[in-house]
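Dear colleague,

I am handing over to you the structure shown below. My findings follow it, and I would be grateful if you could read them with the structure open.

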Amino acid sequence: MGRSGRVTLSDVAKASGVSRATVSFVLNDDPRQTISAATRERVTEAAHELGYVPHGIARALREGSSRIVVLNVDRGIEGNFSRSYVRGLDEELAEHDHVLLVRHGHAAPEATQKILDAIVPRAVLRLGEVYMRGHEQGEPDAQDWESGFAANAALQIDFLAERGHTRIAMALPDHEFPLTQARLGFAREAARRRGLPPLERFVVPRPREAGADAVEAFLAAHAEVTALAAFDDDIALRSLTALRDLGLRVPEDMAVIGFDDTEYGSLTTPALTTVHIDAEILGRIAARDALGIDTEGLAPVRGRIVDRASV
């Protein structure tokens, strides 16, 4: 036994008659190493007999979970919201002696189960879940309209309406994101509160030619629309490109506003007007929720318009 009373790799190495490195390779099942079956069996038997478990797992067994929190981030979610959310989540977890592991891409149930089996995380989160708390069905309360998700969704509509646009369409991605339907619902409610006609909606697909075809077909059927509120900056930039390919001017012929303020929006011509959201507080709230810590005093900060040249 090591001086700490915990079985170490060195103890297993001594018992099995191999090097510490070999023990590590065997127990971690390193595919880059060629180790005989007999040696592998000798090492695993020694580890079993001594009761060896990796340090992190030993602590997980004592505490019921590891000090790791897993965040699943869906593909295509890129912008200031995700960056600031992850920053807040990471910093708050670190302050409470926990570590953040970020996974990008679709979190299939079987993949998530492998994570649970391998590292016994304290919690598994999905980006934006805390943003949706209490109004998954699109029924936000007064606070949501003041500084929450509904308020940020309404910023686009309010900004366009204040500049004289009454016929507005939502430009959406060609696949569902976690917050797509809620965003659309909140935007429609914002238009209703403004006394505007119901929002139209259409999809701007990839690639470039398909996007231009979709915008052309939509405008041919809805000539009264003068402004596009895009699901995010990516869709807004696809729309700008399509309009330019169709020979239309932005903002003279069609106004376009993005959402979530990526750097690319500031580099296009015309520069993209968008909504900037600082989600650091939301990340901190998610961290405290995961750790069972009181979130009193933490509240979302309402987004703001970045007024450039496309409206």
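How many bridges join β6 to β7, and in which sense do the two strands run? Three bridges join them, and the strands run parallel. Please bear in mind throughout that this is a predicted model.

**The surroundings of β6**

One of the residue pairs between these two strands sets Ala-227 opposite Ala-255 in β7. Together with helix α11, the strands β6 and β7 form a β-α-β unit that is right-handed. Strand β6 also pairs with β4, again in the parallel sense, over four bridges. Here Leu-228 of β6 is the bridge partner of Ala-169. The side chains of β6 point two ways: Ala-227 and Ala-229 go one way, Leu-228 and Ala-230 go the other way, and all of them are buried.

**The nonpolar cores**

The largest nonpolar core of the model comprises 48 residues. Those with the most contacts inside this core are Ile-157, Ile-168, Phe-202, Leu-228, Leu-243 and Val-256. The elements giving two or more residues to the core are α8 (149–162), β4 (168–172), α9 (180–193), α10 (208–221), β6 (227–230), α11 (233–245) and β7 (255–257). Helix α8 supplies the largest share, with eight residues. In general, nonpolar side chains in soluble globular proteins tend to be buried together.

Leu-243 illustrates how residues meet in this part of the model. Leaving aside residues up to four places away in sequence, Leu-243 touches Val-215, Leu-219, Leu-228, Leu-248, Val-250, Met-254 and Val-256.

**The three-stranded sheet**

The model also contains an open sheet of three strands in the order β2-β1-β3, with parallel pairing. Its edge strands, β2 (99–104) and β3 (123–126), each pair on one side only. From one strand to the next, the twist averages 25°. Strand β1 (residues 68–73) is joined to β2 by six bridges, and the two run parallel. Within this pairing, Val-73 stands opposite His-104 in β2.

Helix α5 (residues 80–95) lies across β1, β2 and β3. Its direction makes an angle of about 150° with that of β2.

With kind regards

Technical notes:
Residues numbered from 1 in each chain as written. Predicted model: local features only at pLDDT ≥ 70, side-chain atom pairs only at ≥ 80, totals over all residues. Heavy atoms only, no water. Core = buried A, V, L, I, M, F, W, Y, C linked by side-chain atoms within 4.5 Å. Buried < 20%, exposed > 50% of the residue type's maximum accessible area, 1.4 Å probe, protein only. Contact = heavy atoms within 4.5 Å. Pairing = 2+ DSSP bridges. Axes fitted to C-alpha atoms, helices over the stretch in contact; angles between N-to-C directions. Right-handed = clockwise from strand over helix to strand, strands pointing away.
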